[in-house]
Amino acid sequence: MNLRRIIALTAKERKQMMREPSNIAVGILLPIMMLLIFGYGMTMDIRNIDLAIVHHGQSPAVSNVIAHFNNSKYFSVDVYHSTLEAEEAIRSHHADAALFLPDDFEAHLLKGDASVQIVSNATNASIARIYENSIRTVFMQAAAAALPPSGTTSNAGVRVINRLWFNEKNDSRCFMVPGVIVLIMSLIGCMLTALQMAKEYEHGNMESMFVTPMTSGEILIAKMINNYILGMIGLGISLIAARWLFDVPFRGSLLILLIGASMFLILQMSVGLVISSVTKSQFISCQLSLFISFLPVMMLSGFLWEIPNMPDAVQYFTYLVPGRYFVDFMQSIMLVGNVWSNILTNMAGMVIFTLILLILAKLKNPKRLTGGGI
Amino acid sequence: MNEVISCRGIVKRFKRGKQTFDALGGVSFELEPGQIAGLLGPDGAGKSTLLRILTGLLKPDDGNATVLGFDCVRQPAKIQQRAGYLPQKFGLYENLTVHENMVLYAELHAVPRDVREKRIHELLVLTGLERFPDRQAGHLSGGMKSKLALACSLVSTPRLLILDEPTVGVDVMSRRELWKMLREIAETQKVSVLVSTSYMDEADFCDSVLVLFNGKVLGRGTPGSIRAYASGIVENPTFEQGFQMLIAGDVPPPLKRECPPKEDARVMIQADQLVKKFGSFTAVDHISFEVKQGEIFGLLGANGAGKTTTFRMLCGLDPVTEGTVKIAGLDLRKSPGRARNCFGFVAQKFSLYTDLNVHENLEFFGGAYGLYGNKLQERIRWAIHEFAMEDYEFIQPNELPLGIKQRLSMACALLHEPEILFLDEATSGADPMTRREFWARIMKLADRGTAVVITTHFLDEAEFCDRMIIMQDGKSAAAGSAAEIRRQGTIPGHPEPKLEDAFVNIILADRNRQEGNA
Amino acid sequence: MRFLSRFRALLKKEFIQLLKSPKMKITIFGAPLIQLFLLGYAATMDLRDVPFGVIDHSNTPESRNLAAMFTGSTVFDFKGYPESEKDMGERVAAKEIKMALVIPETFANDLASGRSPNVQIILDGRNSASAGIAFGYASDVVNAFNAKYHYRAGMPVKIITRGWFNPNYNARWFMVSSLIATLTLLAFTLLVALSFAKEREGGTVDQLLLTPYSPAELLAAKGLASMAVGFGQMMFCLVFVLFWFKVPYQSEYYLLFLLFGVILMAAVGIGLLISVHCANLQQAMIMTFMYDVPCAALSGIATPIANMPDFIRKCQIINPVRRGIDALHRLFLEGCGFREMLPMYLILGSIGLLTFTLACLSFEWQRKH
């Protein structure tokens with residue numbers, strides 16, 4: 001290792017990067033775009049449920065139910081008088097769910113033997129469940145309000161109070177935004193590195209680099225330093241957006257976050273290195289980093305779907321997804337604070353993973369050409 | 001140990017398709033200090049492989065080699081610190097400037113800071129690049145790239161320079177300058193130089209040569225000693241003739257046209273007042289010429305003179321700014337499809353599909369020109385037979401030696417029996433045998449009535465053209481037959497110049513005139 | 001005939017390029033299969049084994065009954081009694097438990113005296129969506145407790161729920177059927193964009209332009225070959241969706257194949273349009289990403305469309321991934337017929353045709369300038 005050579009190589013990489021506009025697009029534009037999309041576009045919080053309420057005769061109790069749903073910010077209500085029409089509305093996607101109130105709803109309600117039906121479009125089963133729960137909650141409130149105040153003793157029952165820790169406002173952005181940061185850093189780290197290295201192989205620059213006194217380690221470090229800086233710029237933009245645009249709390253220490261983020265970035269760059277040294281082709285590197293880096297981070301890192309809910313085999317598999325360590329780390333450090341057990345296990349995971357990959361890359365990337373023409 | 005390089009029985013095996021073959025079959029030689037040694041041989045002789053082994057980039061399968069006293073297998077880092085190496089693709093960073101490339105290599109070789117700028121400046125002056133230190137390497141012409149790459153490898157004041165075909169794709173003027181530079185460096189800085197090249201005329205610039213053929217050393221000695229092999233057969237033999245004696249045991253007779261083009265032959269290509277502007281820069285400035293049936297027409301000029309741009313306009317790759325091009329009487333702009341059916345095209349880089357094998361490439365290009373069924377198969381058989389590619393039919397192009405690649409591109413362009421053939425520096429980097437074979441084929445085609453337009457760096461090839469145009473700064477500097485060019489390029493005191501000298505004279509005169517005007 | 005044979009030669013070349021190298025075969029057929037399986041099983045909101053703890057300040061038979069109801073539930077996994085509120089806090093932060101049940105001291109007395117005791121359910125809100133679902137299950141357990149021991153906290157109303165099209169609420173049906181469209185759309189847009197950029201970077205575009213092919217023919221051949229291979233990929237995935245994941249198919253098969261066709265048209269058209277504007281592979285890849293990421297993220301496969309801002313919801317009409325997923329669900333789960341599917345075909349088909357035409361025009365324009 002020679003510091004001077006590393007500095008020279010880094011300067012070269014920086015100049016090359018500044019002269020290719022698409023690098024800047026990845027470093028600056030992509031993070032901004034992803035933050036906007038995920039921050040504003042993707043949310044798990046319930047809104048705009050198109051609900052069809054079906055009843056066969058007006059009564060105060062019915063009006064009360066309709067008013068309750070209308071007042072809730074979650075629903076947009078259409079009232080139907082015929083079961084067939086409501087069913088058609090679900091079929092044609094005009095309604096996500098329908099609430100069927102029986103004939104003489106009020107009388108039944110007072111008697112205590114009312115039976116209502118909720119029908120939902122369960123194509124997306126998880127969402128349908130969430131919708132049904134919300135409908136049930138609002139309906140219960142409405143029904144309670146419609147009933148006369150009852151006697152004290154007979155009504156006693158356990159009530160539950162919901163307290164959401166770490167995310168008191170129940171805002172899904174709080175877990176979406178840390179996840180997006182992971183996604184952005186994976187893209188910059190893995191994909192850009194893979195592509196740049198593959199390009200050097202394809203354009204024959206590796207050969208001339210190999211015959212200078214530098215070691216392959218130095219070549220790698222120089223490549224990594226620039227992508228690291230680009231990744232950190234992406235992180236900076238994301239953190240600023242998280243704090244001031246999306247109001248995501250930040251409860252941990254910034255220093256630890258930066259250390260963890262660096263580890264993750266290095267990890268992702270190592271993945272990129274391995275991809276490029278195996279394929280040595282930009283075309284295949286592109287495809288592979290999409291399948292190896294991007295999609296798993298989105299789907300298997302616990303960013304959208306929690307890992308403990310997955311089948312055991314898939315849970316084991318997620319240990320191979322670099323993003324899983326960092327998603328866990330980010331969500332905790334931003335929303336909870338410095339939880340040492342969490343920080344240390346995830347950091348250890350990232351470091352071990354990186355070491356394995358670097359050894360692989362080193363094995364695959366000796367300072368000699370293999371085969372080749374004549 | 002006095003030798004700079006010493007090899008004993010170097011063997012290297014490669015796989016081609018499913019078979020292995022010896023790229024190097026026991027090569028032994030020494031290089032004395034302070035010499036310029038040429039490594040000559042046809043394509044596929046194993047020149048690059050040998051150089052890569054010497055720089056420690058490849059491991060030999062057998063034998064041992066020491067460079068500057070260090071073992072190539074065990075101490076490659078030591079060699080890499082002390083030797084400069086210029087690979088075939090130059091290894092320049094295209095989007096870094098000339099100066100930035102130099103600084104990078106200086107830093108990598110730990111050139112002390114206080115002498116760095118001085119050293120870089122010296123080298124830029126030596127290579128004539130001091131006028132554009134801020135130009136990006138990707139925007140340099142081939143000759144300038146080669147000089148820059150040389151300057152980069154010299155920045156560390158190496159004791160040995162290893163150059164892998166540094167003059168491929170470089171025009172005559174730049175090649176002469178490059179060799180002058182090498183001589184100067186060898187003498188003033190006591191550097192030993194090992195250069196591989198497939199240009200035979202360059203052998204005369206070397207102190208000693210090593211002739212490599214099929215991975216074996218066929219001859220060693222001074223250029224004169226190689227030339228002497230042919231002295232029994234021709235008078236004043238050239239190096240090329242000696243080389244051919246050594247390899248083939250025979251000096252082939254000069255190539256001749258069987259039936260030269262007729263005066264009244266049909267005009268196949270008509271270029272009228274062609275102009276091409278890129279922004280405010282005029283790359284081609286009112287060029288006009290005609291090419292008749294059966295005529296071989298040369299488009300010559302130094303790198304950057306505008307010949308490639310003219311060429312691209314002729315075949316419709318770039319739109320013309322002003323003027324017209326007619327191909328077989330058809331306006332290229334109005335009926336592009338029909339006009340393109342009339343010609344075949346061989347590009348500089350042989351744009352073959354690397355993921356298609358030889359047979360599939362032929363099948364595709366044949367099909368592209370509307371051949372099908374029996375006719376297509378018949379033409380493919382013809383091409384494979386005619387171009388002697390039977391052994392390579394199911395191999396991917398990137399595994400082929402350069403010469404075979406060139407044959408394949410040619411075959412692809414000829415499948416549909418075009419009336420016009422465009423060749424863009426198709427012989428660049430090819431060895432004399434391949435080039436000779438190539439020209440024999442071109443002449444045969446022209447004899448049968450094909451009109452051929454060719455751009456080339458080899459001025460000796462221009463002798464084979466019936467007529468030619470020499471371009472300089474986008475304008476026509478001279479035009480006519482080889483004899484006419486020779487007449488125009490005669491300077492007082494040197495009667496009967498070689499075509500190459502006449503060409504240099506014309507261009508120098510043109511440059512002087514312009515500098516006079518300015 | 002001449003035209004056809006010429007075009008056939010071009011198609012053949014494209015097929016060889018797409019399918020010859022084993023690495024490509026793996027990318028085209030292996031990668032989507034792996035993803036289908038991983039995502040089919042991984043992407044689920046259904047909770048399993050939610051670890052929870054109980055702080056029982058009451059420590060009475062009644063409170064233990066309530067805790068026992070949770071322990072007995074299949075969704076929750078009992079992890080013991082935290083010693084104190086502080087201990088509980090640490091355990092939640094360290095993700096040892098995800099939920100904590102805090103039973104007040106007055107629990108039994110309140111129940112006995114007819115007052116409603118408040119039980120706190122504390123949830124780890126790091127993933128608020130799954131916390132919300134966990135709370136839903138917890139409320140069910142408490143309701144069941146009330147019902148079992150004849151306390152009445154809930155209303156005297158019976159609520160029956162029915163999920164249409166997917167009566168067992170199988171989330172996997174949704175995911176794997178969506179994936180057929182998502183994977184192919186994303187992968188083939190990229191594939192087409194890259195394969196053209198590769199010809200640019202390698203210089204073979206010039207060679208092609210000198211053959212008698214028109215730009216439209218060149219692009220069409222690339223498009224058609226990719227569509228055929230893409231169709232193969234979709235069929236390959238379909239086999240697994242139908243026979244491994246056993247997602248029911250409720251409509252006519254010809255409608256599905258027609259849908260595959262228009263989905264591929266859109267993918268290929270967009271890929272070509274991107275690639276004619278890119279000078280090299282890196283640019284093509286990044287441009288494709290800039291397009292792929294929003295389309296996939298906003299397609300509804302991860303988060304529901306209903307939750308998105310109005311502007312984005314309006315734009316969804318031209319998001320091919322969204323349209324593809326929607327159309328697949330209508331065929332697979334809802335069993336729609338040709339009439340209902342027609343608008344889907346028209347939208348996807350016109351995205352394909354429009355982008356293809358634009359790509360041809362741009363390519364032609366570039367040649368002339």
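The model is predicted: local features need pLDDT of at least 70, side-chain atom pairs count only at pLDDT 80 or more, and totals for chains, interfaces and linings use all residues. Residues are numbered from 1 along each chain as written, chains are lettered from A in the order written, and side-chain values use heavy atoms, without hydrogens or water.

Start with the layout. Chain B splits into domain 1 (5–221) and domain 2 (294–308 + 342–517); such bounds come from an automatic or database domain assignment. The C-alpha centres of the two domains of chain B are 28 Å apart.

Now look at where they touch. Domain 1 of chain B puts 23 residues in contact with 26 residues of domain 2 of chain B (heavy atoms within 4.5 Å). About 1,800 Å² is buried between these domains, and carbon and sulfur atoms give 58% of that area. Buried area is the accessible area (1.4 Å probe) that two parts lose on being put together, summed over both.

One salt bridge is counted between the domains. The term means a side-chain nitrogen of Lys or Arg within 4 Å of a carboxyl oxygen of Asp or Glu. R176(B) forms a salt bridge with D501(B), with the closest N and O atoms 2.9 Å apart.

On the side of domain 1 that touches domain 2, helix 5 (142–154) and helix 6 (172–189) of chain B each give two or more residues. Helix 6 of chain B gives the most, with five residues. Helices here are DSSP runs (H or I, at least four residues), numbered from the N terminus.
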